[in-house]
Each structure stands twice: as structure tokens, then as C-alpha cells.
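Here are my notes for a first look at this model. Have the sequence and the 3D view open while you read.

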Amino acid sequence: MEKGKTLYVSDLDGTLLQPDARLSERTISMLNEAISKGALFTIATARTPATVASIIEKLDLRLPAVVMTGTALWNKDDRTYSCVKYMDDKAVKELVKIYRETHYPTFLYTLRDEKIHIYHLGSLSDIERTFIEERSHNFAKILHIPSDGNSELPDYLGDTVLFYGMQPDARTEAVFRLTSEVENVRVQKYHDFYGPEIGILEAFSPQSTKAIAIRELASRVGATRIVTFGDNINDIPMLELADVGVAMENGLEEVKRIADVVTGRNTDDAVARFILHDMGLDKGGEI
């Protein structure tokens with residue numbers, strides 16, 4: 001397939017970022033060079049703008065970022081959201097009931113007035129307390145979580161965008177099976193930087209995927225070719241959507257199996273190097 005007008009989209013953690021969750025100066029320099037030469041580049045991440053903003057501060061990002069695993073697009077310059085995928089109100093109430101009956105602590109995120117409002121069901125674990133402390137006093141988030149962790153939820157839940165839990169893996173697996181039976185919900189379970197002993201459990205609108213958000217963005221910018229980069233389970237749909245799905249060498253084996261290309265490691269600035277090579281702007285180095 002001819003390259004045409006290409007949209008490049010990269011995951012962050014384990015893909016574009018170094019292990020310390022930062023962009024290397026070399027990656028910043030190479031990506032800004034590519035963008036200055038016309039590259040249509042953005043990111044797609046499970047993160048919210050609260051943590052994305054500081055990470056991409058030095059990037060000359062001219063396209064909106066795909067945030068919260070495709071729940072919305074977020075514009076870095078004016079800090080506004082678009083293409084928001086709100087959850088079904090009935091499904092939200094069913095999920096709240098399951099979390100409470102199983103005593104599975106979880107965060108509930110709503111989005112209104114360009115701000116994310118975070119509530120919590122159940123008592124707080126040490127990991128969750130650290131999670132909250134790292135996100136306090138942030139321009140993009142407002143926390144409604146008392147010291148005991150059990151928030152009083154607002155009467156209106158129609159602006160809910162996601163649930164996010166991080167609990168021991170066995171507990172997470174059991175609740176994952178229950179929540180997967182709820183209609184009009186997309187549920188996913190995976191492991192992240194907390195390690196294999198902690199299961200991450202998320203629930204979204206069925207339309208909240210990186211792949212759907214990328215397709216919408218590609219249409220908006222008139223891209224005729226899509227190249228995506230990822231390393232984890234939640235990146236698989238966007239790798240399958242792409243004309244060229246690129247997995248990281250450090251990625252999970254199931255991700256590498258479905259990819260069109262396996263490139264270098266995140267620690268080697270592999271995404272930025274791949275893009276420059278794909279654009280014919282490199283000096284012939286390996287990708």
C-alpha cells in the first residue's frame with residue numbers, strides 16, 4: 001500500500017516512554033523533527049490528561065491525544081475534550097451494585113465542564129492512596145474521595161466515562177467475570193506497572209477503544225494510512241486496525257504475534273526512529 005497521508009499513533013507506557021515514565025530527550029527531538037516535516041503524530045494512552053500533560057509538554061503535538069483508552073480526544077493547547085464516549089446510565093448503576101456487593105474497591109470517573117471528577121467505592125488500599133496522592137492538586141482532576149475512601153456518589157451518573165480498579169489478581173479476575181456479563185459495557189483486565197500480582201480492571205462504553213478513536217481522528221485529518229505502536233493487551237485493537245501495526249520488542253508475546261512489524265525497545269527510542277525511517281528522514285539506521 002502506498003504511504004499517502006499517514007497518521008502515526010503511539011501508546012505511551014512501555015512504548016514511547018522510558019521506564020521512568022518520561023520521554024527521552026532524543027525521542028522528543030526526533031518526533032519534533034518529524035512533526036516539523038509534516039508528520040501527523042499523536043499518542044493513544046490509558047492515561048488521563050492529568051498525567052499526560054506533563055509528559056508531552058515538550059512535544060510539538062498538533063493533533064489531539066487519544067486518552068483514557070479511547071474514551072475521548074484531548075487537545076493539549078486549549079485543554080478541551082471531544083468525541084467523548086459516556087457510559088450507559090443503567091450499566092453504570094449495575095456496575096456500582098456489583099462492586100459494592102463484592103466489596104471490590106474501584107474508582108469511578110465522570111467528565112463534566114472539561115474536568116474529570118473522581119469518586120471511589122470501598123476502602124482505600126495503600127496502592128490506591130499513593131495513586132490519589134500522585135494525582136492531587138492537578139488542573140485536570142477533581143477528587144471527591146473522603147478519608148475512608150467511600151465516596152457519596154452524585155445522583156446523576158450519566159456523565160460517567162470509566163471505572164478503574166487495581167486489586168489483587170484473584171479478586172480482580174472474579175469481579176471481571178461478573179462485570180463482563182453487564183450489557184452495554186466493555187470490560188478489560190490486564191497487568192501494568194504494578195506487576196503481575198495486581199490486576200487492573202476497567203469498564204467503559206463499548207465505543208471506548210483506542211481503535212475507534214484513532215479511526216475518528218484519521219477521518220478528521222484526512223489520513224489514508226495508519227501506523228500504530230503498542231506493547232500491551234489494550235493496544236491490540238489499534239494494532240489490528242492499522243495499515244501497519246508495530247509492536248515493541250519489549251511488548252507482550254501476544255501483541256508481537258498479531259503485529260505486522262516488531263521494532264526495537266522503548267528504551268532505544270524505537271518509535272521515533274521508526275517514524276523517521278518510514279518518512280525517509282533517517283540516515284539508514286536500524287529500526
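1. Start with S3 and S4 (residues 72-75), which pair in the antiparallel sense over three bridges. Strands here are DSSP runs of E, at least two residues long, and helices are runs of H or I of at least four residues, both numbered from the N terminus. Two strands pair if DSSP finds at least two bridges between them. Val-67 has Ala-72 of S4 as its bridge partner, and Val-66 stands opposite Leu-73 in S4. Four residues separate the strands in this hairpin, and Met-68 in the turn has a positive phi of about 50°.

2. A word on the source: this is a predicted model, where local features need pLDDT of at least 70 and side-chain atom pairs count only at pLDDT 80 or more, while totals for chains, interfaces and linings use all residues. Residues are numbered from 1 along each chain as its sequence is written, and side-chain values use heavy atoms, with hydrogens and water left out.

3. Next along, S4 and S5 run antiparallel, joined by three bridges. Look for Trp-74, whose bridge partner in S5 is Tyr-81. This hairpin has four residues between its strands, and Arg-79 takes a positive phi near 55°.

4. Put together, the three strands make an open antiparallel sheet in the order S3-S4-S5. S3 (65-67) and S5 (80-82) each have a single partner strand, so one side of each is left without a neighbour in the sheet.

5. Now the charges: how many salt bridges does a search of the whole structure find? The count is 15, taking a salt bridge as a side-chain nitrogen of Lys or Arg within 4 Å of a carboxyl oxygen of Asp or Glu. One of them joins Glu-25 and Lys-58 at 3.1 Å, N to O. That pair links distant parts of the chain, with Glu-25 in helix H2 (residues 25-36) and Lys-58 in the loop between helix H3 (49-55) and S3, 33 residues apart.

6. Do look at Lys-210 and Asp-235, whose side chains meet in a salt bridge (2.6 Å, N to O). Lys-210 lies in helix H7 (residues 210-221) and Asp-235 in the loop between strand S12 (225-230) and helix H8 (236-241), so the pair ties together parts that are 25 residues apart in sequence. Are these two buried or exposed? Lys-210 is buried at 2% relative accessible area, and Asp-235 is buried at 0%. Buried means under 20%, exposed over 50% and partly exposed in between, with a 1.4 Å probe and protein chains only.

7. For contrast, Lys-58 counts as exposed at 51% relative accessibility.
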